[in-house]
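Biologist: Put the model up, please, and let's talk through the bits I care about.

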Amino acid sequence: MGFRINAKDITTNYTQTLSEFITELTYEKIPEDVRERAKHLTMQTIGVSLSAHGLPISGKAVSIAKACGVGEPYATLWGDGSRVSMSSAAFANGTLADVMDWEDCSWTGHPSAGVIPVAWAVAEALHLSGREFLTAVVAAYEVYQRIAMVVQPPTDWDIMKGWGLTSWQIFAAVVPAAKLMGLTADQVNQALGFGVLCCPVQSNLHHITMSDAYHFEHGFRAKDGVLAAMVAKAGVDNYMDCFDDTYTFDYHMTPEPKREWYTKELGTRWLTKEVLIKHWPANMWLQTPIELAHDITVKNHIKPGDIEEIILNPPTAGRMYYSPEGFNSLTQAQFSAPFMLAAYLLNPVPGPSWFDSSKLTDPDILELAGRIHGGNSEPHYLNQCFKGFQEGEFPMKKLTIRTKDGKVFEASMDCHPGHPKNMMSHKEFVERFKVEAAPVLSGAQLETVSDALAGLETCGDIAGISKMLCK
């Protein structure tokens, strides 16, 4: 048992309760629909990671991973096929999972970019089963979501002071690594403490710069999560109860921590099922506009050359950026409704071809994007959107397409496919995976991998599937 230095001053047991939940959770204790969602989250994350291959930042992440780490059990770099240390695999695959901005999206961030690459790397390296993997995935989502909810800022918090989207991401990586490495409850408690140690200061630097460095942040957290679990398993003195000392973690994240969230409805309300899964490779607040554009143009056989103007109403503040000279980064483009709608309309099959560096200044995309505008309604502001998402709501959007022959087409939607209230079916997940993975996999290999992931609970050794995740 780790010694609790400040035991007389601590009146809660949040950290140990979470630690025991992690160690005691079994596959059989998880409701079937939650296990199924974990499997779909896995398919989505691996699929979008494969889709990212061919983009420059993906190649850099893979090269860095190959240069780092010796002595650990090995795991596979998705799409590349090379085997590296499991922490390096977590770094590269965690980066790839976010590159296309196509993974999941909670009101707390992108847990899958930490949970799935880490759980897969450790399960592969230790030759664990699909059921063990899925159990760790659920444990991670349940604990990560609650820790993140504790430190979500109040509604009136000035977002420019920093919102730690990739700060608390570390716990999405620590939990599955600790679970799969077989840590005791006290060791998990300490691993969570190392998560606090590795939790970066809140920053909005990625929003200010719109740099693609943002995608690397997910890789950093994934790698650190593996190392945190490894250090805790190796053995340390004390280092207990990080969430119970009020000066250790949450107070530095927000002036109003909601500590009851650490264990709120733990084991009864499954937050794994409340995560949004993106249908398109774009910022979460652009999912509905792209879906509307898809529905209207397919139904009415509208081609890009037919379009006079597109109006999005209400627009989302910060997501209507457009420059006739082009975009400076992949991230900047993914956050732009005009760019993303134009990219879809000119190439309805999503994939890395939307974001090739030449596309960021492509005259056809920019010309069409220049015809896409926000309406006159009061914009949706991000803090209000996130608050609504926490409460099960999503912004209602209306898209109007005016064609050059004078016709007007309109449609409205709030919860797009992939939203918890409009979740895709198993068949739709499988078909979406095939679209996502197409840049790397094809033909019989693509069918074999999709079947293997669809039946992940029957897999005796994750390593067997890893061998197939490359050309």
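Biologist: Phe 91 and Phe 216, buried or exposed?
Modeller: Phe 91 is buried, and Phe 216 is too. Buried means under 20% relative accessible area, exposed is over 50%, and partly exposed is in between, with a 1.4 Å probe and protein chains only.

Biologist: What am I looking at here, and what went into the values?
Modeller: This is a predicted model, where local features need pLDDT of at least 70 and side-chain atom pairs count only at pLDDT 80 or more, while totals for chains, interfaces and linings use all residues. Residues are numbered from 1 along each chain as its sequence is written, and side-chain values use heavy atoms, with hydrogens and water left out.

Biologist: OK. How many aromatic pairs does the structure hold?
Modeller: It holds 21 aromatic pairs. Phe 91 and Phe 216 make one of them, a stacked pair at 6.2 Å centre to centre with 10 degrees between the planes. The rings counted are those of Phe, Tyr and Trp (its six-membered ring), and they pair if their centres lie within 6.5 Å; planes under 30 degrees apart are stacked, over 60 edge-to-face, and the rest tilted.

Biologist: Where in the chain do Phe 91 and Phe 216 sit?
Modeller: Phe 91 is in helix α4 and Phe 216 is in helix α10 (residues 213–234), so to speak distant parts of the chain, 125 residues apart. Helices (H or I, at least four residues) and strands (E, at least two) are DSSP runs, numbered from the N terminus.

Biologist: And what about Trp 285 with Phe 394?
Modeller: Those two are stacked as well, 5.1 Å centre to centre and 25 degrees between the planes. Trp 285 lies in the loop between β4 (276–277) and α12 (287–300), and Phe 394 in the loop between α16 (382–390) and β7 (397–403), so the pair ties together parts 109 residues apart in sequence. Trp 285 counts as buried because its relative accessibility is 4%, and Phe 394 is buried at 10%.

Biologist: Which residues form the aromatic cluster?
Modeller: Tyr 14, Phe 171, Phe 243, Phe 249 and Tyr 262 form one.

Biologist: Which ring does Arg 35 lie over?
Modeller: Arg 35 lies over the face of Tyr 27, 4.2 Å from the ring centre. Arg 432 lies over the face of Trp 280, at 4.7 Å from the ring centre. The rule is that NZ of Lys or CZ of Arg must be within 6 Å of the ring centre and within 35 degrees of the ring normal.

Biologist: Switching topic: how many disulfides?
Modeller: 0 disulfides. A disulfide is a pair of cysteine sulfur atoms within 2.5 Å.

Biologist: Why do you call α6 enclosed?
Modeller: 19 of the 21 residues of α6 are buried, so the helix is largely enclosed by the rest of the structure. Helix α6 (residues 130–150) reaches 31 Å from its first C-alpha to its last, close to the 30 Å expected at 1.5 Å a residue. The expected span is 1.5 Å times one less than the number of residues.

Biologist: Last one: which strands pair with β7?
Modeller: β7 pairs with strand β5 (residues 307–313) in the antiparallel sense over 6 bridges, and with strand β8 (residues 408–413), again antiparallel over 6 bridges. Strands pair if DSSP finds at least two bridges between them. Thr 400 in β7 is the bridge partner of Ile 311, and Thr 400 stands opposite Glu 410 in β8. The hairpin of β7 and β8 has 4 residues between the strands, and Gly 406 there takes a positive phi near 90 degrees. β7 is mostly covered, with 5 of its 7 residues buried.
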